[in-house]
Amino acid sequence: MQDQIDRLRHLPIAPQSLFIGGDWSEPLDGAVLEVVSPIDGTRLTTIADAGSGDVDRAVRAARAAFDKGSWSKAAPSQRKKILLRIAELIERDALELAVLGVRDNGTEMAMALKAEPGSAAATFRYYAEAVDKVYGEIAPTAGDVLGLIHREPVGVVAAIVPWNFPMMIGAWKIAPALAAGNSVVLKPAEVASLSLLKLAALCAEAGLPEGVFNVVTGRGAVTGEALGLHMDIDVLAFTGSGGVGRRLLEYSARSNLKRVYLELGGKSPNIVFADAPDLDRAAKVSAHGIFRNAGQVCVAGSRLLVQNSIREAFAEKLAAIAAGMKVGDPLQLATEIGAVSSEVQLKKDLAYADQALAEGGRLLTGGRRILEETGGYYMQPTIFDITPQMTLAKEEVFGPILSIIPFETEAEAVAIANASDYGLASAVWTSNLSRAHRMIRAIRAGVVHVNTYGGADNTVPLGGVKQSGNGHDKSLHALDKYTDLKTAWIQL
Ligand code: NAD
């Protein structure tokens, strides 16, 4: 496979256009953005920088398709057929899609193959299979009336997604929205649009009617804002930072009160008790749980809470694993940590490391930029021993930096874990079943892993509490975001 990857990595990439109404088109003012590869800092191509006029064209195309009904009113079995075909086409082109995505955002290839085309195909398949199995309801009324609860598509859905896993997160929104019969306008992140543009081509090839799926690329503050303020979008589904999430709520309030679903950041506690079943495995999985994709994972276990009696030994194990991880060219299959997605992000990560040192954090390993001679953006996996008062314990870095915080008792672990504005993911390592269940109940987060970290599949929801957001991706619950309930009350 490495041979094929090496061939694909050098293919030229044509300048990219917008995908609107089933066709490729240039932005009205012809504006473009440069696409730079984080692997070596070279220019890959350009993407279109859509303005509000382009966004309006895309929303109008989506609305026209919805009103026409060739998708929204199609038999579920017909929608299922096309969604399954999209999954097949993603699998057919998986390697090409993964290489394209990695050239764009720097995720290590072995992971990207699974997490990007692999996960996106599985997601399309999951919702394709669900589409003719989700029914309305009949209410338990008195005998002379009939109460029917219909589930209807909401209309036009806008999806705004980040750069860390564009295909995976894109599919989490696009697939259930399409399955429910909606039209979609997608805005990828400006530093990771290429694989999602290719997905648009695959949707057309699969026979998705024109206008049902549209892609507008461009800057968040322009293209994204135009979507947020548009008067004819019914639902806006977002994954990204809390700051942008707040803006989207404001846009909604200032425009048509579109429903806004937010999947935001995290500062997830990964709690290791001295009675964990296998401390070596806990250390290995915890390292993967923070450092994969250079720490640019919303559910990353970035706060490691370790019980005092094993603190030194566990920190040493972890530091040794981190120091041995292979950082570098993400297109080499053996690479364990790829490039940080952009120079801007790398600078932010390094600034957090400097700040941790300045606040008195003890650096156990890493902390520096490496491989600068490649022109790419690489950082050593970094571990700090800190206290809960330091910035690293509170703010999401979204980079390869782990902070270790000690605790003594279960109650103290819960208090530290919950002392966060975020509530996305968490983990508990223990062989005490009762403690595991107590912790599941006590931790305020959307997911609690027990004796593992990550890997949850499409059958379970992903969503945050507190400032990690609202609503859920994945599972049948995701369909709630993209359907409206309508009551029919019938006198018999
Ligand atoms: P970001 O918020 O900067 O950008 C996300 C998207 O919003 C991009 O497409 C961007 O162009 C767009 N955007 C930016 N400004 C906008 C504006 N004013 N109006 C409308 N759209 C705008 O986030 P990012 O840096 O791409 O991603 C990292 C963040 O995403 C982290 O906080 C991470 O935790 C979060 N994230 C969360 C999940 C989850 O499922 N909860 C998953 C992945 C990433």
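Me: Is Lys466 buried, partly exposed or exposed?
Reply: This is a predicted model. Buried means under 20% relative accessible area, and exposed means over 50%. Lys466 has 28% relative accessibility, so Lys466 counts as partly exposed.

Me: Where does Lys466 lie, and what is its phi?
Reply: Lys466 lies in the loop between β20 (449-450) and β21 (483-491). Most residues other than glycine have a negative phi. Lys466 is not a glycine, yet its phi is positive, at about 50°.

Me: Is Leu257 buried or exposed?
Reply: The loop between α9 (242-254) and β11 (259-263) holds Leu257. Leu257 also has a positive phi of about 55°, although it is not a glycine. The cut-off for exposed is over 50%. The relative accessible area of Leu257 is 64%, so Leu257 is exposed.

Me: Is Ile47 buried or exposed?
Reply: Ile47 sits in strand β4 (residues 43-48). Residues under 20% relative accessible area count as buried. Ile47 has 0%, so Ile47 is buried.

Me: Which residues does Ile47 touch, leaving out those up to four places away in sequence?
Reply: Leu33 is one of them. Ile47 and Leu33 are 14 residues apart in sequence, but their C-alpha atoms are 5.3 Å apart in space.

Me: How far apart do the C-alpha centres of domain 1 and domain 2 lie?
Reply: Domain 1 covers 2-264 + 469-491, and domain 2 covers 269-456. Their contact takes 25 residues from domain 1 and 28 residues from domain 2. The C-alpha centres of the two domains lie apart by 30 Å.

Me: What is the radius of gyration of the protein?
Reply: The C-alpha atoms fill a box of roughly 70 × 65 × 45 Å along the principal axes. A compact globule of 492 residues would have a radius of gyration near 23 Å. The protein agrees with this, because its own value is 23 Å.

Me: What share of the 492 residues is buried?
Reply: The protein has 15 helices and 21 strands. Of its contacts with a separation of 6 or more, 75% come from residues 24 or more positions apart. The buried share of the residues is 58%.

Me: How far apart are the mean positions of the positive and negative charges?
Reply: The protein carries 49 positive and 55 negative charges. The distance between their mean positions is 3 Å.

Technical notes:
Residues are numbered from 1 along each chain as its sequence is written. This is a predicted model: local features need pLDDT of at least 70, side-chain atom pairs count only at pLDDT 80 or more; totals for chains, interfaces and linings use all residues. Side-chain values use heavy atoms; hydrogens and water are left out. Helices (H or I, at least four residues) and strands (E, at least two) are DSSP runs, numbered from the N terminus. The radius of gyration is taken over C-alpha atoms; the globule rule is 2.2 Å times the number of residues to the power 0.38. Buried means under 20% relative accessible area, exposed over 50%, partly exposed in between (1.4 Å probe, protein chains only). Contact means heavy atoms within 4.5 Å. Lys and Arg count as positive and Asp and Glu as negative; His and the chain ends are not counted. The place of a charge is taken as NZ of Lys, CZ of Arg, CG of Asp or CD of Glu. Domain bounds come from an automatic or database domain assignment.
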